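Please read it alongside the sequence and the coordinates.

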Amino acid sequence: MSTVEKPSYKVIGTRPIRHDGVDKVTGRAKYGADIRLTGMLWAAMLRSPHAHAKITRLDTSKAKALPGVRAVVTSKDFPDQGDRLVELGEGSVNMKHLAANVLAHDKVLYHGHAIAAVAADSIHIAQQAVELIEIEYEVLPPVQDALSAMKPESPVLNTDVRTKGYVAGGPGSADQPTNVASRIYFEQGDIKKGFADAAVVVEREFHTATVHQGYIEPHNATVLWNADGKVTVWMSTQGTFTARQQTAELLRIPVSDVKVVPMEIGGGFGGKISVYLPPVAAMLSKLSGRPVQLVMDRAAVLLATGPTPGSYIRVKVGTDKSGRIIAADAYLAYEAGAYPGSPIGPGCMCIFSCYDIPNARVEGYDVCVNKPRTNAYRAPGSTNAAFAMETVLDEIAKQLKLDPAEIRLLNAAKEGTRRVDGPKYSRIGMAETVEAIRDSAHYQSPLPGPNRGRGIATGFWFNVGLKSSVTATLNLDGKVSLLEGSTDIGGTRTSIAMQFAETLGIPCEDVHPSVVDTDSIGYTDVTGGSRTTFSTGIAAVNAANDIKQQLIERAAIHWQTTPDKVQYIDGGVTCSDGQRLTFKELAAELHELGGPVIGQGTSGKEAQGGAFGTHCVDVEVDPETGKVQILRYTAAQDCGTAIHPSYVEGQIQGGAVQGIGWALNEEFWYDPKGLLRNATFLDYRMPTCYDVPMIDAIIVEVPDPSHPYGVRGVGEVPICPPPAAIANAIANAVGVQMTTLPMSPPKIMAELLKQKK
Amino acid sequence: MAKKRIVSTTINGDAVEFLCEPRQTLLEILRDVLEMTGTKEGCGNGNCGSCTVLMNGKPVTSCLVLGVEAEGVELRTIEGVARGSELDEVQQAFLEGAALQCGICTPGFIMQTEALLACNPTPTEEEIRFHLAGNLCRCTGYDKIVRAVQCAAERRAGACHK
């Protein structure tokens, strides 16, 4: 549904077959682990069997002596990083922490922490050599959750961490080692007065488990450190340029000496931005003089990459009699994992972001624990926050006997609303997504039967802009080679090519997009933040406009007139005297009219307008087992303008199902020693197709004024609402209000049994 | 290390011989010895289905099959699904139905679908979901995959009626 009358587009809004599709259904597409180089070695890694320990002895001599072993590396083989912060395009990173995460220095901080790596003639020899590495540990007590790690008596992971933003008397320390890495705080209005005036106040505490992005393709890197000092990295990554910079910084070589070649990427969801393997494979290549391929196994992926934080959240919301929110207070503590850097900032900014709240306060903490260093995962920080806020809001609606859609509409943020952390929204579609759900056939249908309930919830993500580059070469046959730096995780070659084609008025099939290496295109930020179709799309539109301008000049030469007499209209050029050449006709004559035409475009907007989604779910709870079955699911989202509706729906459906997994099953299980006991896909239970129904996606289109075609990023929002929507549905089905994630059968059974007492 | 064995097998209709260490999996043989990298490794322990191939017509996770077990069998991999340069109905349905995003699980899903449609040409949604439950996809939420399988089944049925 569209909220404004849409311009008539020829390409945008259609559903062409993606350009890389045939390669991906025939097995020809080359992913990170598919590259084979002459003389290539295979590498394996030693990982910590402890959650927290000092390394007291490390001897690799026996591993080095095994026939077939070509190189062994530990952190001692890498240059010292000193104490420095480096801007890596995704915020500044402490290089000492990044280096110690790649290969542990004197301490291991989580089960699976990488310690050493071996390159050998076969993977089996490399694995055998890893077992020959002699290592001794002094095991230290671990701390696994944010609240425990904030206590003064907790074991401390990093001796160099102090609390950024420390306030006297609060958690952490300004001058002593602490696990509390930072404090975030903002407020508006007067919450004391707000709560004093409130007719209804609900306050709840929430705990959410650590979960993993769960991409099917493990991390990988194949690296050649050539004799000329140039390093080439073939890998699957969400961002070749950040991978290049992280690799160069960790090796302390000039960034231009590293070339990152993007292979097809088998899922990322935020987890393939940080670098783990390329510097290690690079050093193994340098020492052996051979290209080295290093691929994680699934256990390593779950032990040592990803996750998004487990969290503790307390939310208190007060409304007047009509349901209007007049005060809100939140306290959030997010697990950073081994090193500082959880998405506590976005968590704090998102928790009240869907609503217009006059009096609000948010306080948040980033806390180190003995788990892998957390990474972005689809709207990082926002899902945890939405689970808390959206279930509290439903409780209030129940007390006031308000329809859950109506209380959301009553309080919906809109253009001009000031978010608690400061910014005012431009045109947004929050209310429109709630209306779309309220008016949907799903929401309007009855839901008969025992133990069944319906729930809705809303979610928000900022969506970033950042930098992108596109180059377009016009061929004599009138087709265009489009080069871009954005790695394509879910069809963005096509969504970018479509915007380019629309701008020039040519068929999408005549644009041939390629994702190219860091030597072949201008700087481009990561495929993340729901930015690619937005920002690389703007770059593509700019490149198309550049070509338009050049074609006007060439046409002027052709007609022996001046460019101001020529206009580019509807896929061709028209002279003021009425003569016309189509795009193809003009392209065929380029070599006679001055030579090749190459267009370029960049973009660099900081932000988009922000995106919202509202989901509706029907569940049935088995009162004997506590198992929750999803009966029906509908997700509405404001996508600005849907460029390729199939892939917009796909993002919404995929995000919703990840959210369903987070809600019902997924969690890292650590034992009392801090060891991860479910590092397989059998025990880390992601949804299968037998667990979920069809996911109905409703595309709401409230164009974002900051994009030429009104695009809003789509990818991240849809993971935010599911846990809260499902919790609300469970409450309506069986009367228990869940406050922990996942809402797995034992947890629901425990609540049902409490209810019976 | 035990000596390598010579294994004689049939892959996508062609007679193939390869040298194999007893410890090597069929997946490793396909990818690293025969350089058929269309079959993907997602987990290495049979939980994700990305490495699904057909062995004598039955779907197997090739990471749980030893290379030497391929002796005398008929294997079909993603590389053998298309008829020359023409995609088969399942590939075409996945492509047109946007049933893939990153695409890493796609070869496994296509092989599993081939196995399903070979024994049940008109599966219900429930049967499709049950049959594909051993294949994990993290991108799509399965909606478009299930629809693609339905579409492929319909097209294949249509082709049979001709």
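1. Chain B is divided into domain 1 (5-80) and domain 2 (89-161), the bounds coming from an automatic or database domain assignment. The centres of domain 1 of chain B and domain 2 of chain B, taken over C-alpha atoms, are separated by 21 Å.

2. A word on the basis of this note: this is a predicted model, in which local features need pLDDT of at least 70 and side-chain atom pairs count only at pLDDT 80 or more, while totals for chains, interfaces and linings use all residues. Residues are numbered from 1 along each chain as its sequence is written, and chains are lettered from A and ligands numbered from 1 in the order in which they are written.

3. Between the two domains of chain B, 15 residues of domain 1 are in contact with 13 residues of domain 2; two residues are in contact if their C-beta atoms, placed from the backbone, lie within 7 Å. On the domain 1 side of chain B, β3 and β4 each supply at least two residues, and β3(B) gives the largest share, three residues. That side divides into six nonpolar, seven polar and two charged residues (Ala, Val, Leu, Ile, Met, Phe, Trp, Tyr, Cys and Pro count as nonpolar, Asp, Glu, Lys and Arg as charged, and the others, Gly among them, as polar).

4. The secondary structure of chain B consists of five helices and five strands, and from the N terminus on the order is β-β-α-β-β-β-α-α-α-α. Helices (H or I, at least four residues) and strands (E, at least two) are DSSP runs, numbered from the N terminus. The radius of gyration of chain B is 16 Å, close to the 15 Å that the globule rule gives for 162 residues, so chain B is as compact as a globular protein of that length; the radius is taken over C-alpha atoms, and the rule is 2.2 Å times the number of residues to the power 0.38.

5. The strands of chain B form an open sheet of five, in the order β2-β1-β5-β3-β4, with mixed pairing; two strands pair if DSSP finds at least two bridges between them. Its edge strands are β2 (14-20) and β4 (58-61) of chain B, each pairing on one side only. From one strand to the next the twist averages 40°. Helix α3 (residues 106-119) of chain B packs on this sheet, touching β3 (52-55) and β4 of chain B, and its direction makes about 35° with that of β3(B). Axes are lines fitted to C-alpha atoms, for helices over the stretch in contact, and angles run from 0 to 180 degrees between N-to-C directions.

6. Strands β1 (residues 5-11) and β5 (residues 74-76) of chain B pair in the parallel sense over two bridges. Ile11(B) has Leu75(B) as its bridge partner in β5(B).

7. The contact between the chains takes 45 residues from chain A and 46 residues from chain B. On the side of chain A that touches chain B, the elements giving two or more residues are α1 (21-26) and α18 (645-664) of chain A. Of these, α18(A) gives the most, with eight residues. By class, this side of chain A has 21 nonpolar, 16 polar and eight charged residues.
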